[in-house]
Structures are given as structure tokens and as C-alpha cells.
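Subject: Structure handover

Hi,

Here is the structure I promised to pass on.

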Amino acid sequence: MPALIVTANWVLRDGDRILSVRSHGRDRFYMPGGKIDPGETAIAALIREIKEELGVALIPETICKIGVFSGPAHDQADETMVCMACFSAAYRGTLAPAREIAEMRWISPKDRHLMAPMGQKIAARLPALDATSPQASQ
């Protein structure tokens, strides 16, 4: 049976650009966030991971689930899958790479090839998700 990695990830956008991070020793950019620890909720993991990786505090009352996306995990053992719960949220503080993060970058559509495959997949789907969100119809 393939391994499964379950994560909580932050989708922060600036127009058509999406915030991405690259860990030390990695060749691709990922959506900020990380693994959900046993007994931890996805939102608790999201808040913890973003504080650790980028040094900012997510504002809990603004956290909104965008969706859950699954597919092959990048740079993992064969057949390892990742299940990513993705959220949007406002934050307090100044974004800065911390701990295992070597670099953060705003990725535009023309630079999506720099992202891990699941990040590319999610970023490509965001415009369609915007069109179907309740906020888009108001």
C-alpha cells in the first residue's frame, strides 16, 4: 500500500501570483505548510507551520478552506501520495523565510514550472475555484 502524507497548506495570493517556499536541499517550490501531527487538526497544523516557516501569525477567524487535493508526492519514495488541505487566511507580521525554508517567492503563472507538481495542479485550479466560491457570486 502506498504511503500517504497528509498536510495543511496556506494559499496566499497577490493577483495571479501565489506565495511559495523552497526548503533547504529541495529543488522545487511548495505551498507553505506541512504535515498534520497525530491528534492535531488541520487548522492547528496550518497555524503552527506558517508561524514556523514564515514567522507570521494567521488570523484564525479569517481561515477559510479552499479544498483538499491529492496526488503523487514530489521527491518522496515511489507511489507516496500527498493529501493537501488548502486554506486561505489573512495574517499579521512580516513574511520572512525561517527554519527549514531557504527561500520564498511569489510565483506567477509563467513560473509555475518551479513548483512541485501538486502545487502546479492546485495553482492552475484556483481561478476555477474562485468562480464557484460564494464570495465570487456576491
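Ile-18 in E3 is the bridge partner of Arg-13. E2 and E3 are joined by two bridges in the antiparallel sense, and two strands count as paired if DSSP finds at least two bridges between them. The hairpin has two residues between its strands, and Gly-15 there takes a positive phi near 65°.

Before I go on: this is a predicted model, with residues numbered from 1 along each chain as its sequence is written. Local features need pLDDT of at least 70 and side-chain atom pairs count only at pLDDT 80 or more, while totals for chains, interfaces and linings use all residues, and side-chain values use heavy atoms, with hydrogens and water left out.

**The two sheets**

E3 also pairs with E9, antiparallel, over six bridges; in that pairing Ser-23 stands opposite Ile-101 in E9. Together this makes an open three-stranded sheet in the order E2-E3-E9. Strand E2 (13-14) and strand E9 (101-107) are its edges, each pairing on one side only. Five of the seven residues of E3 are buried, so this strand is largely enclosed by the rest of the structure; buried means under 20% relative accessible area, exposed over 50%, and partly exposed in between (1.4 Å probe, protein chains only).

The other sheet is open too, with four strands in the order E4-E1-E7-E6 and mixed pairing. E4 and strand E6 (64-72) each have a single partner strand, so one side of each lacks a neighbour in the sheet. On average, neighbouring strands here are turned by 20° against each other, direction ignored (axes are lines fitted to C-alpha atoms, for helices over the stretch in contact, and angles run from 0 to 180 degrees between N-to-C directions).

E7 is worth a look in this sheet. With E1 it runs parallel, over seven bridges, and Asn-9 has Cys-86 as its bridge partner in E7. With E6 it runs antiparallel, over eight bridges; Phe-69 stands opposite Met-84, and Lys-65 opposite Phe-87. Six of the eight residues of E7 are buried, so E7 is largely enclosed as well.

The largest pocket holds about 570 Å³ of space. For the terms: on a 1 Å grid over the protein atoms alone, a pocket is an open set of points with protein on both sides within 12 Å along at least five of seven lines, a 1.4 Å probe being used, and lining residues have an atom within 4 Å of a point. Its lining has 29 residues, and Thr-7, Arg-26, Tyr-30, Gly-33 and Gly-34 are the closest to its centre. Among the elements giving two or more residues to the lining are strand E4 (33-35), helix H1 (42-54) and helix H2 (117-132). By type, the lining divides into 14 nonpolar, nine polar and six charged residues, with Gly counted as polar.

Cheers

Conventions. Grid points are joined across faces, edges and corners, and a volume is the space filled by probe spheres set on the points.
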